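Thanks for coming. I will go through one structure today, starting with the whole chain and then moving to a few local sites.

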Amino acid sequence: MIAMACPCCGMLNSCQENTFQSTPRPARNDAYGTLMEAQRIAIQQESDALCSFIARSGWPMQETPTGLWYYIYRTTAPIPPSPIGQGDIVKVEYRLQLLNGEVIASYLGEKMKTIVVGHSDIEAGLTEALLLLHPGDCAKVLIPSYLGHGFSGDGIRVPSGASLLYDLHIVDVQRHAERKIL
């Protein structure tokens with residue numbers, strides 16, 4: 001019999017000839033690697049679908065480092081005011097649809113939506129898009145699922161893994177009280 005100290009608590013354990021056998025379990029790295037590869041493939045397929053959609057639409061869209069696509073098709077002035085910032089209160093009209101054309105939300109006219117940038121319960125991709133825009137801008141914004149509702153969708157109108165297309169009009173911006181306008 002051999003007495004061994006437990007490395008965690010220092011208590012002595014006695015062991016006879018190694019009679020304990022653990023149940024083999026899959027290596028974490030194998031399962032993790034498989035999931036990461038599946039996710040990489042899904043993201044690539046979605047990216048290909050977004051590129052195909054953009055090509056069909058003919059919009060001269062720009063891609064951000066996160067994978068968000070946007071096209072500002074109308075701006076108010078040759079030198080626009082400073083862009084929207086964190087904490088700004090934005091009144092926005094928009095139509096939200098899936099890439100198949102199905103409209104899933106519309107906030108136009110009297111039904112415009114008020115968003116506190118960085119503090120509202122909206123998609124991360126929509127927050128990112130708002131930070132690229134100026135008061136009065138109109139833009140098309142393509143949000144990949146990982147910046148939208150993700151793998152699960154929203155459980156109501158946005159299906160699992162859906163990319164979203166916003167047609168936005170920034171109606172009004174109230175600047176955050178502590179933010180200085182340049």
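Of the chain's 182 residues, 32% count as buried, where buried means under 20% relative accessible area, exposed over 50%, and partly exposed in between, with a 1.4 Å probe and protein chains only. This is a predicted model, in which local features need pLDDT of at least 70 and side-chain atom pairs count only at pLDDT 80 or more, while totals for chains, interfaces and linings use all residues. Residues are numbered from 1 along each chain as its sequence is written, and side-chain values use heavy atoms, with hydrogens and water left out.

The accessible surface of the chain is about 11,900 Å², and 56% of that belongs to carbon and sulfur atoms; the areas come from the Shrake-Rupley method with a 1.4 Å probe, and for residues only the protein chains shown count as cover.

On secondary structure, there are two helices and nine strands. Both are DSSP runs numbered from the N terminus: helices are H or I with at least four residues, strands are E with at least two. The order along the sequence is β-β-α-β-β-β-β-β-α-β-β. Taking contacts between residues at least 6 apart in sequence, 66% join residues at least 24 apart, a contact being heavy atoms within 4.5 Å.

Now the strand pairing, where two strands pair if DSSP finds at least two bridges between them. Strand β9, residues 164–174, runs antiparallel to β5 and is joined to β5 by ten bridges.

Staying in β5, the strand includes V90. Is V90 buried or exposed? V90 is buried, at 0% relative accessible area. Leaving aside neighbours within four places in sequence, its contacts are I84, K113, T114, I115, V117, I170, D172 and V173.

Next, the aromatics. A search of the whole structure gives four aromatic pairs. Rings of Phe, Tyr and Trp (its six-membered ring) pair if their centres lie within 6.5 Å; planes under 30 degrees apart are stacked, over 60 edge-to-face, and the rest tilted. F53 and W59 make an edge-to-face pair, 6.0 Å centre to centre with 65° between the planes. F53 is buried at 11% relative accessibility, whereas W59 is partly exposed at 23%.

Y94 and Y107 have ring centres 5.1 Å apart and planes at 50°, so this pair is tilted. Y94 is in strand β5 (residues 89–98) and Y107 in strand β6 (residues 103–107), 13 residues apart. Y94 is buried at 5%; Y107 is partly exposed at 24%. Ring pairs link Y94, Y107 and Y166 into a cluster. K113 lies over the face of Y107, 5.0 Å from the ring centre; the criterion is NZ of Lys or CZ of Arg within 6 Å of the centre and within 35 degrees of the ring normal.

Last, a loop residue. T64 is in the loop between β3 (62–63) and β4 (69–74), and T64 counts as buried at 10% relative accessibility. Which residues does T64 touch, not counting those up to four places away in sequence? They are Y70, E128 and L132. With E128, the side chain of T64 makes a polar contact of 2.7 Å. A polar contact is a pair of N or O atoms within 3.5 Å; within protein, one must be able to donate a hydrogen and the other to accept it, and residues adjacent in sequence count only if both atoms are side-chain atoms.
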